[in-house]
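Hi everyone, thanks for coming.

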Amino acid sequence: MSPRSASVNEELRRRSRERLLQAAVELVGEHGFEATTLGDIADRAGSARGLVSYYFPGKRQLVQSAVHRLMHRTLEEALEREPRTEDGRERLARAIDAILGLARDRPVLMRQHMAGLLQAEGFVQCPEQRRLAELLGDTVARYGAQNVSADYPMLRALLMGAVYAALVPGVPMPVPVLRAELFQRYGLDWEMGVPPESLGETGGAQEDLSRFFATEERPGTP
């Protein structure tokens, strides 16, 4: 039996990593960070437990990468959905709704993510985080920002603050109120993006996550 080629081995490694990312998102969303072990994630992914440490230094890094993957794919999908648009204001509205939607639909997962960012490691510099930054930076540029290097961090901070406010146990702020504040700040019309009243009662809470962790190659994504 001839050995596998380098390209085949690389593809198998990529697929293994994708499965681990998806399993991490699913399990932390279901049980929380502390109750989820690396062994649980490996088992859900159908991977050998030793592979987890091959790809990620630890559980915190794995979960951050997994959530950043979900965030950037969710954002990417929102920006490119039909009808496609190059209007910078509409794209910013879609971006805001995409991130706030994750706080609304995945509260356990996003609460654990926000808590993780306050740990000593802070942001994990991984391909998923870099892709998220690229998408948000491009959104700010298309919106018409004159100084993207300053305006992108401000948008990121405002979105993080809104997600945090939506998830504070006991005193969460309603997502529509946070959306209205952000839309007013950026001069966006309420009808842009995906207004909350268009979602119905469940939003995207029961949505299958598998497409965000698809194993096929996607041009321009890690």
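Let's begin with Arg 142, which counts as partly exposed at 34% relative accessibility. Keep in mind as we go that this is a predicted model. Which residue does Arg 142 form a salt bridge with? The partner is Asp 138, and the closest N and O atoms are 2.8 Å apart. Asp 138 is partly exposed too, with a relative accessible area of 31%. Both sit in helix α7, and because they are 4 residues apart, about one helical turn separates them.

Some salt bridges share partners, and in this way Arg 14, Arg 17, Glu 18, Arg 69 and Glu 128 are joined into one network. Let's pick out one pair from it. Glu 18 forms a salt bridge with Arg 14, and here the closest N and O atoms are 4.0 Å apart. You'll find both in helix α1, which covers residues 6-31, and they are 4 residues apart, about one turn of the helix. Are they buried or exposed? Glu 18 is buried, with a relative accessible area of 3%, and Arg 14 counts as buried at 15%.

Now for another pair. Arg 89 forms a salt bridge with Asp 189, with the closest N and O atoms 3.8 Å apart. This one links distant parts of the chain: Arg 89 is in helix α5, while Asp 189 is in the segment after α9, 100 residues away. Arg 89 is partly exposed at 29% relative accessible area, and Asp 189 is partly exposed at 38%. How many salt bridges does the structure have? The count comes to 18.

The structure holds 1 cavity of 30 Å³ or more, and the largest cavity has about 180 Å³ of space. Its lining is made of 17 residues, and Met 71, Phe 123, Leu 132, Arg 156 and Met 160 lie nearest the centre. Where does that lining come from? Helices α4, α6, α7 and α8 each supply at least two residues, and α8 gives the largest share, with 5 residues. By class, the lining has 13 nonpolar, 3 polar and 1 charged residues.

One last stop, at the backbone. Most peptide bonds are trans. From Glu 82 to Pro 83, though, the peptide bond is cis, with omega near -5°. To find it on your screen, look for Pro 83 in the loop between α4 and α5.

That's my tour, and I'm happy to take questions!

Conventions
Residues are numbered from 1 along each chain as its sequence is written. This is a predicted model: local features need pLDDT of at least 70, side-chain atom pairs count only at pLDDT 80 or more; totals for chains, interfaces and linings use all residues. Side-chain values use heavy atoms; hydrogens and water are left out. On a 1 Å grid over the protein atoms alone, a cavity is a set of points where a 1.4 Å probe fits but cannot get out, and a pocket is an open set with protein on both sides within 12 Å along at least five of seven lines; lining residues have an atom within 4 Å of a point. Grid points are joined across faces, edges and corners, and a volume is the space filled by probe spheres set on the points. Ala, Val, Leu, Ile, Met, Phe, Trp, Tyr, Cys and Pro count as nonpolar, Asp, Glu, Lys and Arg as charged, and the others, Gly among them, as polar. A salt bridge is a side-chain nitrogen of Lys or Arg within 4 Å of a carboxyl oxygen of Asp or Glu. Buried means under 20% relative accessible area, exposed over 50%, partly exposed in between (1.4 Å probe, protein chains only).
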